[in-house]
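Here's a quick briefing to read with the model open beside you. We'll start with a sheet, then move on to a strand pair and a helix.

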Amino acid sequence: MTTATPDTPSLAFDGRAFINGERVAARDGQTFDCFSPVDGRLLAPVARGQAADIDAAVAAARAAFEDRRWAGLAPARRKRVMLAFADLLLKHADELALTETLDMGKPVRYARSVDVNSAANCIRWYGEAVDKVYDEIAPTPDTALALITREPVGVVGVIVPWNYPMIMAAWKIAPALAAGNSVVLKPSEKSPLTALRLAELALAAGLPPGVFNVVPGYGPEAGSPLALHMDVDCIAFTGSTRVGKQIHVMAGQSNLKRAWTELGGKSPNIVFADCPNLDKAVEAAVGSIFFNQGESCNAPSRLFVEASIKDAFLEKALKLVPQYQPGNPLDKATVMGAIVDKTQLDTVLRYIESGKKEGAKLLAGGEQAEPVKGGCYVLPTIFDGVKNDMTIAREEIFGPVLSVLSFTDAADVVRQANSNIYGLQAAVWTRDINKAHGVARALRAGTVHVNQYDEDDITVPFGGFKQSGVGRDKSLHAFDKYTEIKTTWIRIDSPI
């Protein structure tokens with residue numbers, strides 16, 4: 001389907017699934033409509049994948065894995081294809097960025113500068129890494145040689161969310177493909193279009209048919225059959241903790257496939273009175289919660305500010321809020337775009353009402369906005385006077401809502417920060433190196449930032465403690481998820 005307005009060039013979106021190197025309709029012919037949260041326009045009818053479509057995609061992936069058309073290539077040859085794949089993302093960067101913006105509402109400036117570039121960099125990084133990762137030889141007596149080698153796990157099922165469709169897909173498919181696996185990807189029904197385009201670009205880059213398949217559809221209809229499939233060796237999921245728990249259950253109910261999950265977060269951002277740069281801390285706190293409309297699992301949604309500097313901190317923060325007023329995501333000046341759909345918009349507004357009812361003080365925002373008629377927008381929102389047991393401090397909102405809490409004691413703020421089911425990310429702001437190390441060690445989180453927020457890159461692992469998931473994305477550690485470790489013990493009866 002072609003979509004165009006005076007503000008956007010013409011784009012033709014193909015919503016059919018991608019199985020065994022070809023675009024195909026759903027087996028039963030069903031589709032669902034993909035609407036843009038920017039202005040409500042219909043982007044395309046998209047194949048509504050069901051169990052039969054998942055079966056076809058898994059069969060194609062299994063055939064590709066068993067005949068070793070990809071897994072059997074030397075790592076250096078797989079690398080060349082991965083690098084070509086990354087290059088094609090950059091060649092089609094404007095198209096992909098515009099598609100991402102129309103599909104899920106993020107500002108096009110960030111879709112281009114962050115999402116496309118990060119996805120391409122991820123694919124390139126794992127392509128470059130795969131022929132530089134060595135296996136091991138164990139220490140043995142002279143009568144033996146023990147090889148410890150990695151092998152691709154087989155067919156990998158991937159389910160990704162709608163907040164960073166390209167990046168989340170790349171974090172999983174890049175190490176899985178680089179290691180020699182075949183992949184079946186189910187993108188979110190709220191943002192399926194760039195995933196389908198990625199599959200076409202991968203094929204054009206030289207990835208053999210059947211190695212990378214994409215089946216759009218709803219979770220219960222396509223996601224569950226993928227997680228339950230008896231011929232899928234591994235399932236990698238990013239999304240809500242509620243669904244992540246179901247993924248682990250389905251993995252166990254089926255063939256005990258490996259299940260890796262990156263789930264929710266309610267990340268604490270702790271600012272001590274001896275923060276080395278208050279302006280920088282304010283900018284990071286505000287910018288990180290409102291980036292991507294707050295639709296980030298690692299957003300620092302709980303801001304703990306030491307009581308003696310809280311008023312000064314909030315005064316500076318409120319001056320920054322006007323910079324984050326929602327606007328048309330297609331305007332390159334816009335820094336905060338649309339919420340992904342009406343369902344998520346209603347969820348955010350419901351949490352805002354909850355904050356008001358439970359006694360938090362609304363300092364900014366708190367309302368729906370309509371910079372573009374027919375779109376899904378909400379004002380950047382800040383609550384003060386939040387208590388750690390309030391709903392807005394306990395539950396993941398996935399919207400531009402900042403909860404501000406105060407503290408006077410380091411031990412107490414660590415206790416409050418850890419008093420949550422999640423443990424994805426955290427931050428500490430202090431000029432005291434002992435305090436920085438001590439608090440960072442005490443925080444139960446997969447990543448702790450010190451005197452910055454979210455400045456890490458592809459070289460370090462990403463994942464959480466507690467109910468924020470199992471396993472790590474990014475870095476060389478991601479290969480652990482998509483490979484099996486084999487020991488080969490060779491007896492040597494040397495005549496010498």
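In what order do the three strands of the open sheet run, and is the pairing parallel or antiparallel? The order is E7-E8-E26, and the pairing is antiparallel. Keep in mind that this is a predicted model.

**The open sheet**
- Strand E7 (136–138) and strand E26 (483–491) are the edge strands, each pairing on one side only.
- From one strand to the next, the twist averages 25°.
- E7 and strand E8 (residues 144–152) run antiparallel and are joined by three bridges.
- To find your way in, pick out Glu136: its bridge partner in E8 is Ile148.

**Strand E9 and its partner**
- For a parallel case, look at E9 and strand E10 (residues 182–186), which are joined by five bridges.
- Strand E9 (residues 155–159) is mostly covered, with five of its five residues buried.
- Val155, Gly157 and Ile159 point one way from E9, while Val156 and Val158 point the other way, and all of them are buried.

**Helix H2 on its own**
- Helix H2 covers residues 75–91, and at 1.5 Å a residue its 17 residues should span 24 Å.
- H2's buried residues are Arg78, Lys79, Val81, Met82, Leu83, Phe85, Ala86, Leu88 and Leu89.
- What do the buried residues of H2 pack against? They pack against four helices: H3 (93–104), H4 (108–129), H5 (165–178) and H6 (193–205).

**H2 against H4**
- H2 and H4 pack at an angle of about 170°, and their axes are 8 Å apart.
- Angles over 145 degrees count as roughly antiparallel, so that is how H2 and H4 lie relative to each other.
- On the H2 side, the contact is made by Lys79, Met82, Leu83, Phe85, Ala86, Asp87, Leu89 and Leu90.
- H4 brings Val116, Asn117, Ala119, Ala120, Ile123, Arg124, Gly127 and Glu128 to the contact.
- Sorted by class, the contact of H2 with H4 has 10 nonpolar, two polar and four charged residues.

Note on methods
Residues are numbered from 1 along each chain as its sequence is written. This is a predicted model: local features need pLDDT of at least 70, side-chain atom pairs count only at pLDDT 80 or more; totals for chains, interfaces and linings use all residues. Side-chain values use heavy atoms; hydrogens and water are left out. Helices (H or I, at least four residues) and strands (E, at least two) are DSSP runs, numbered from the N terminus. The expected span of a helix is 1.5 Å times one less than its number of residues. Buried means under 20% relative accessible area, exposed over 50%, partly exposed in between (1.4 Å probe, protein chains only). Contact means heavy atoms within 4.5 Å. Axes are lines fitted to C-alpha atoms, for helices over the stretch in contact, and angles run from 0 to 180 degrees between N-to-C directions. Angles under 35 degrees count as roughly parallel, over 145 as roughly antiparallel, 65 to 115 as roughly perpendicular and the rest as oblique. Ala, Val, Leu, Ile, Met, Phe, Trp, Tyr, Cys and Pro count as nonpolar, Asp, Glu, Lys and Arg as charged, and the others, Gly among them, as polar. Two strands pair if DSSP finds at least two bridges between them.
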